Amino acid sequence: MKDKTNKKLIGRITRERFRWEKKCLGKYAFPSKNACRLGDDIKHPCGEMLDLRNPFAHDTDRIIHSNSYARYMDKTQVFFQIKNDHITRRSLHVQMVSRIARTIGRCLELNEDLIEAIAVGHDIGHTPFGHAGESAISKELEKRDEGVFVHNAQSVRVLQLLEHRGKGCNLTLQVLDGILGHNGEREQQRFYYDHSKLTWDKLNDNLHGCFTEKGFDKHVEPSTMEGCVVRVADMIAYLGRDFEDAITLGLLGRDALPMTVRRVLGSTNHEIVNTLSSDVIENSYKKEFVAFSDKVFEAFTDMKKFNYKEIYGCNLIKEQINRFTLMVGSLFEKYLNDLKDGDYKQSIFTDFVNRFPDSYLKNNSNARIVADFIAGMADQYFLKQYELCFMPRRIDYDQLVNIDFVNRNIN
């Protein structure tokens, strides 16, 4: 009797939640009741989900409890191998994207649960050492004619195929679509959405294109307004924060930012985030697109050019990228040889391949398996792997004495 009573109560709460969504969400929001998941969960007799959490809230929980999410903590945003606790890490960037996107989404009467799920998962597939790692892995794949690597597609691959020992997290189509379409490297003044194009076949086609055709990912856009908001929030989150990190490290002074940018956006991360977020809300409210005003978008693109030249292209970053690229190349070749030789004592087997069913090895090329392994590494794990594979092993004096003693007795 108690079990039946609980089900009645849960069903009632569920129905009330969906009624609240219908009443409070705006015209262009994506309703939770229309979420699409492979192998739907238990349904209420009236067709509604029998659950206290809506499908997108479930997705957020599935993502933050994944191993890949835990590795956010030791993954680089922009500046790597720098000892400063105040420099942005990937985990902090993801939180910032989530907060900015939810603020914008709330003002636009969108589905905050869908926004949060897309935001917390959007960089799950990012490599160690930021975009340097992404570029290095892609180069290794390209020179072997094994496709390309982009982190937004890898995020979907991780959540769909690699997490939970190859079972994936079984996320909704809308969340995976938003993650795949979040690419914040290609700025646009206006983003449109189209629910009608959102199908599993379309997602898989886009995913395939991202892994096989260079530049394909830049033309994949979210199919929901919520996904568009996360894409914009991603750009807003890193623009001013990367500038603040450069100031913290003494690479730039605050007055280095062009006056044309300062007059419109401000000169601190707080001012930049507030200006950009407010502008997006003002220009997107009650409209079927997410957009910046002309004036703010011009200043935004100017600041992005400034960041690329003065921060991402500075000598400190370039020198580190060159060294890291060589390290990725060496490890990539090492792991390929280990797979080819079937050396099951090596890390790519013990720490990675052995966790998956046999079908993983059968269905993926060796190069793609190596890319999956390296891309999933946290920064310090990558460095330890490189040291293990290529640096001379340290032997203590006592150990040398013992070895010498044994050898003398044998002889």
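What follows is a short walk through a predicted model, starting with confidence and moving on to a few local features.

Confidence comes first. The chain averages a pLDDT of 86, with 88% of its residues at 70 or more. Among the elements, helix H17 has the highest mean value, 97, while helix H19 (residues 397-410) sits at the other end with 55, the lowest. Then there is the stretch over residues 42-48, where the pLDDT is below 50; beyond near neighbours in sequence, this stretch still has 12 contacts in the model. Where pLDDT is low, the predicted coordinates should not be read in detail.

Next up is helix H6, which runs over residues 130-142 and so counts 13 residues. From first C-alpha to last, H6 reaches 19 Å, close to the 18 Å expected at 1.5 Å a residue. Buried residues in H6 include Gly-130, Ala-132, Gly-133, Glu-134 and Ala-136, and Ile-137, Ser-138, Glu-140 and Leu-141 are buried too. Their cover includes helices H4 (90-107), H7 (151-166), H14 (315-341) and H17 (366-375).

The surface has its own feature: Leu-9, Ile-13 and Leu-52 make a nonpolar patch of about 250 Å². Of these, Ile-13 belongs to helix H1 (residues 2-24). Ile-13 counts as partly exposed because its relative accessibility is 33%, between the 20% and 50% cut-offs.

Asp-255 lies between helix H10 (225-248) and helix H11 (259-265), and it counts as exposed because its relative accessibility is 59%, over the 50% cut-off. Asp-255 is 12 residues from Ser-267 in sequence, and the two are 7.9 Å apart in space, C-alpha to C-alpha.

Conventions: Residues are numbered from 1 along each chain as its sequence is written. This is a predicted model: local features need pLDDT of at least 70, side-chain atom pairs count only at pLDDT 80 or more; totals for chains, interfaces and linings use all residues. Side-chain values use heavy atoms; hydrogens and water are left out. Helices (H or I, at least four residues) and strands (E, at least two) are DSSP runs, numbered from the N terminus. The expected span of a helix is 1.5 Å times one less than its number of residues. Buried means under 20% relative accessible area, exposed over 50%, partly exposed in between (1.4 Å probe, protein chains only). Contact means heavy atoms within 4.5 Å. Patches are made of residues with over 30% relative accessible area and no salt bridge: like charges are joined within 9 Å, nonpolar side chains (Val, Leu, Ile, Met, Phe, Trp, Tyr) within 5 Å. Accessible areas come from the Shrake-Rupley method with a 1.4 Å probe; for residues, only the protein chains shown count as cover. A salt bridge is a side-chain nitrogen of Lys or Arg within 4 Å of a carboxyl oxygen of Asp or Glu. pLDDT is the predictor's confidence in each residue, from 0 to 100.
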